[in-house]
Amino acid sequence: MRIVEPVVEIEKVDYNKIMKNLERASRTCYRSEDKITEESYKTLLKNCINRGHESILEHEKITIRMVCDIGVYKDLTRHRHASFSIESTRYCNYGKDKFDNEIKFIAPVNIEKGTKLYQEWQTSCEEIEKHYIKMVELGATPDQMRMILPHSTAAVVTMTANIREWKHILSLRCTKHAHPAVEQVMIPLLLHFKENMPEIFGNIEYDEEFIKNRYAKIVEME
Ligand SMILES: Cc1cc2nc3c(=O)[nH]c(=O)nc-3n(C[C@H](O)[C@H](O)[C@H](O)COP(=O)(O)OP(=O)(O)OC[C@H]3O[C@@H](n4cnc5c(N)ncnc54)[C@H](O)[C@@H]3O)c2cc1C
């Protein structure tokens, strides 16, 4: 068994180009393409968003690839306008060499390391892995073995959404009301978008009390 931390990879994109493409699309409405300058997208996008003219944000998309736990992707896949490809517990057999014959679990962000509670969580995961491997030996299929996998099981998820949907998802999933494991991956993503597309994501509020050193690592997708 291996305990791992969540990671969010973001596809390499040119954020300025994205915003300029959104501007070009929205200017179709007013036939004001002639007003485009190097900086004009900034005011235009802010004005559109303030007026609720948000469909223009659907013309561009961003893909991320995460290592997160099953609980996180259960929550995120509720967002119907996003697209997902998820490591399948029906086809992946963690008892095989390809997976180093072990199950990976995401360290629970809401259970303090070194506590009795953490030890209890870890022992349960070890027990589950023991039974999973025993089931492999008994000739079970991944379809059967997955019945005992817990929410903490690590999985790779590729998720794509257009900019409007990212705005919506991040406004719901970065608050105190979201599960801490969801906040852990979504807050650093929001902060990355705020930095690179302030005109679009600047006003989205997030749980500023979430402990920063627990944010998932953000990296550029290879
Ligand atoms: C804090 C929190 C707690 C939650 N707890 C629970 C829970 O206990 N149980 C549970 O089942 N779910 C729960 N959810 C999930 C929640 O109910 C939504 O299913 C999920 O957040 C997706 O949100 P959405 O429908 O706004 O977004 P999306 O699916 O991303 O859709 C975006 C927007 O499109 C529009 N839209 C999409 N589909 C339709 C439609 N069919 N009809 C009309 N408009 C549509 C809506 O305006 C919607 O906001 C929770 C979510 C949060 C953030």
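Let me begin with a definition: two residues count as in contact if their C-beta atoms, placed from the backbone, lie within 7 Å. With that cut-off, and keeping in mind that what we have here is a predicted model, the buried residues of helix H2, which spans residues 40-50, pack against helix H1 (15-30) and helix H8 (198-201).

Which residues of H2 are the buried ones? They are Tyr-41, Leu-44, Leu-45 and Cys-48, and because they cover an arc of only 95° around the axis, they sit on the same side of H2. Just after H2 comes Gly-52, for which the model gives a positive phi of about 80°.

Let me now turn to the domains. The domain assignment gives domain 1 as 3-85 together with 156-220, and domain 2 as 93-148, and the C-alpha centres of domain 1 and domain 2 lie 32 Å apart. Ten residues from domain 1 and six residues from domain 2 take part in the contact. On the side of domain 1 that touches domain 2, the elements giving two or more residues are strand E1 (2-4), strand E3 (61-69) and helix H7 (180-196), with H7 providing the largest share, three residues.

Notes:
Residues are numbered from 1 along each chain as its sequence is written. This is a predicted model: local features need pLDDT of at least 70, side-chain atom pairs count only at pLDDT 80 or more; totals for chains, interfaces and linings use all residues. Domain bounds come from an automatic or database domain assignment. Helices (H or I, at least four residues) and strands (E, at least two) are DSSP runs, numbered from the N terminus. A residue is buried if 20 or more other C-beta atoms lie within 10 Å of its own, exposed if 12 or fewer, and partly exposed in between; C-beta atoms are placed from the backbone. The arc is that of the directions from the helix axis to the C-beta atoms.
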